[in-house]
Amino acid sequence: MSRFKIASDFLLDEKPIKILSGAIHYFRMPKEDWYHSLYNLKALGFNTVETYVPWNFHETVEGQFDFEGHKDVGTFLKTAQDLGLYAIVRPSPFICAEWEFGGLPAWLLNDRNMRIRSRDPKYLEKVRTYFHELFKILTPLQIDNGGPIIMMQIENEYGSFGEDHEYLNAIKRMMEDEGVTVPFATSDGSWAQCLRAGSMIEDNVLPTGNFGSRTKENFKNLKAFHQEYGKDWPLMCMEFWDGWFNRWGEDIIKRDGDDLANEVRDAVALGSVNLYMFHGGTNFGFWNGCSARGTKDLPQVTSYDYHAPLDETGNPNDKYFALQKMLKEVLPDIEQFEPKVKTFMEHKSIPLSGKVSLFEILEDISHKTTSFYPQTMEEAGSGYGYMLYRTSIKKETATENFRIVDARDRVHFFIDQKLKYQAYQEEIGDKFEVTLEGDATADILVENMGRVNYGYKLLAPTQRKGLGQGLMQDLHFVQNWEQFDIDFDLLKESHFEKGWSEEQPAFYKYTFNLEALDNTHIDMSQFGKGIVLVNGFNIGRYWNVGPTQSLYIPKAFLKEGQNEIIVFDTEGVYSDAIDLLKEAQFSN
């Protein structure tokens with residue numbers, strides 16, 4: 001078995017090795033596509049893959065662990081090893097990664113006295129329970145045990161959040177208790193304040209830097225930090241940002257391929273590098289994260305293309321070939337070969353075959369709870385997606401004043417199933433008027449659009465989603481609530497035999513047959529806002545504000561014979577037919 005250690009160089013079996021790594025997130029693509037992306041990493045000439053492990057992906061419900069199918073991180077790492085790749089694993093309880101709540105499970109929020117990412121014993125016990133399950137998979141895959149893992153990271157960019165070194169050491173001890181023997185690393189911004197707050201250099205843990213430009217300057221800062229502690233260690237950029245993520249309603253962010261290649265050239269000359277991302281993939285389901293800018297939250301789009309060297313679908317682009325060319329110039333003995341390229345199909349004018357309003361089937365597709373005061377989405381359900389809150393309203397005057405207080409992130413307000421008001425983020429809380437015919441049923445549909453994944457807002461009450469303080473009628477809060485946690489897995493064929501009404505959230509079904517399978521994109525430009533289910537799998541959110549106007553459908557989610565696409569649109573907008581296209585669609 002091989003050995004990996006850190007001296008003045010990275011050493012593999014006592015021989016220096018330059019780590020050329022690329023980030024691929026197994027959790028952002030179907031299992032059937034892992035080989036394709038890993039193969040293309042090897043074809044570029046790289047020798048290592050890096051991945052996070054998102055806690056909430058594997059323990060979505062407390063105490064229920066899932067490492068099967070698309071969540072089978074062990075098979076992902078074994079596939080990398082079969083291709084001759086080493087692995088860096090970042091199993092931190094927090095990952096950022098533009099992922100929902102930075103990888104932290106929503107159920108942690110139900111303990112209002114727990115402090116996440118800290119030495120709090122209650123939090124550490126939750127981490128310990130998770131780690132005990134996770135490392136049953138990771139520990140045997142270390143290089144010391146004949147596996148591909150050469151290094152693991154402790155926490156993630158902690159220097160941008162806190163300076164609790166007792167907490168960092170607790171995480172390190174947990175990993176050691178689970179049998180981790182490979183070298184440890186931390187990663188932070190490459191300036192002194194960040195490095196000092198987040199690193200564990202005094203505990204012989206390698207500090208690495210995160211940046212995407214000014215490579216020479218950032219490596220100089222990192223080296224100075226090493227020297228300050230008397231360390232002659234190799235330099236590594238753990239996240240070399242080769243692109244960026246995108247948010248709803250903003251322009252797509254891109255980076256020139258030649259500019260990237262020139263910066264990576266400097267990184268390769270000075271140290272080791274991990275491209276973040278090499279392949280970004282897709283935020284399927286409700287797993288997209290959210291940025292925080294002042295008082296405003298900025299949810300990220302479903303595509304995690306990142307303008308990386310492999311596009312969202314896993315195909316090489318101009319950046320890939322610019323990097324390949326540069327690497328051959330700098331490292332002429334590097335082994336490179338032709339990358340794999342996926343093909344795509346189109347299937348147009350798939351007709352609408354059924355539609356049904358949410359209110360018609362709400363009881364059938366929800367987990368219902370009742371309470372005097374409204375409960376958060378985490379308290380009353382899974383904490384993700386959509387929850388509908390229902391109460392009774394007594395008419396006192398012809399025109400009533402209402403105010404929805406402390407709801408997140410987007411609301412639709414109905415009186416007797418008729419839409420009266422909708423609001424998003426900072427608009428929520430404004431007073432609005434509704435004319436009542438008599439006593440009525442009030443419904444509030446609340447969408448969690450993604451918790452923040454970075455920064456001080458991780459500790460903010462705003463990360464609890466749903467209806468917070470509640471609904472005010474005149475000057476008082478309305479009480480006695482029913483909460484319906486919508487579970488899309490409960491949808492049945494028979495539900496589409498029920499009724500449909502205009503201007504209501506509704507489901508739209510499209511069925512079609514395929515003789516041959518291929519990758520494709522569904523054009524969502526004719527819809528408003530919602531999600532898409534392909535043969536029961538939630539492929540993510542769409543929104544007509546852009547910049548994306550389509551969703552990627554890997555062929556792994558399709559099947560020979562009859563296929564079913566169900567669109568859940570909250571805006572009452574739909575199309576009589578849908579198109580599957582070869583290329584992604586954008587609004588800019």
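Guide: Leaving aside neighbours within four places in sequence, S199 is in contact with H165, L168, T186, D188, P207 and F225. This is a predicted model, and S199 sits in its loop between α6 (192-198) and β9 (206-211). Is S199 buried or exposed? Its relative accessibility is 3%, and under 20% counts as buried, so S199 is buried. S187 is twelve residues away from S199 in sequence, and the two C-alpha atoms are 7.4 Å apart in space.

Two other loop residues can be described in the same terms. D33 lies in the loop between β4 and α1. With a relative accessible area of 9%, D33 is buried. Not counting residues up to four places away in sequence, D33 touches K342, Y552 and P554. A460 belongs to the loop between β21 (440-447) and β22 (466-473). Its relative accessible area is 18%, and the cut-off for buried is under 20%, so A460 counts as buried. Between A460 and I137 there are 323 residues of separation in sequence and 33 Å in space, C-alpha to C-alpha.

The buried residues are W34, H36, S37, L38, Y39, N40, L41, K42, A43 and L44. In general, an α-helix has 3.6 residues a turn, so residues three or four places apart point the same way. What covers the buried residues of α1 includes the strands β4 (20-24), β5 (48-52) and β11 (272-279). The helices α3 (73-82) and α9 (318-330) are also among the covering elements. After α1 comes G45, which has a positive phi, near 110 degrees.

Next, the nonpolar cores. The largest one has 134 residues, and the members that touch the most other members are Y123, M151 and F507. Helix α4 (residues 121-138) gives the most to this core, with eight residues. There is also a second, separate core of 25 residues, and M377, F402, F432 and A442 are among its members.

Now the chain as a whole. It has eleven helices and 31 strands. Buried residues make up 61% of its 588 residues. Among contacts with a separation of 6 or more, 79% are between residues 24 or more positions apart. Along its principal axes, the C-alpha trace spans about 80 × 55 × 40 Å. Why does a radius of gyration of 25 Å agree with a compact globule? A compact globule of 588 residues would have a radius of gyration near 25 Å, and the chain has 25 Å, so the two agree.

That leaves the surface and the charges. The accessible surface of the chain comes to about 22500 Å², and 46% of it belongs to carbon and sulfur atoms. There are 61 positive and 89 negative side chains in the chain. The centres of these two sets lie 3 Å apart.

Notes
Residues are numbered from 1 along each chain as its sequence is written. This is a predicted model: local features need pLDDT of at least 70, side-chain atom pairs count only at pLDDT 80 or more; totals for chains, interfaces and linings use all residues. Side-chain values use heavy atoms; hydrogens and water are left out. A nonpolar core is a set of buried Ala, Val, Leu, Ile, Met, Phe, Trp, Tyr and Cys residues joined through side-chain atoms within 4.5 Å. Buried means under 20% relative accessible area, exposed over 50%, partly exposed in between (1.4 Å probe, protein chains only). Helices (H or I, at least four residues) and strands (E, at least two) are DSSP runs, numbered from the N terminus. The radius of gyration is taken over C-alpha atoms; the globule rule is 2.2 Å times the number of residues to the power 0.38. Contact means heavy atoms within 4.5 Å. Accessible areas come from the Shrake-Rupley method with a 1.4 Å probe; for residues, only the protein chains shown count as cover. Lys and Arg count as positive and Asp and Glu as negative; His and the chain ends are not counted. The place of a charge is taken as NZ of Lys, CZ of Arg, CG of Asp or CD of Glu.
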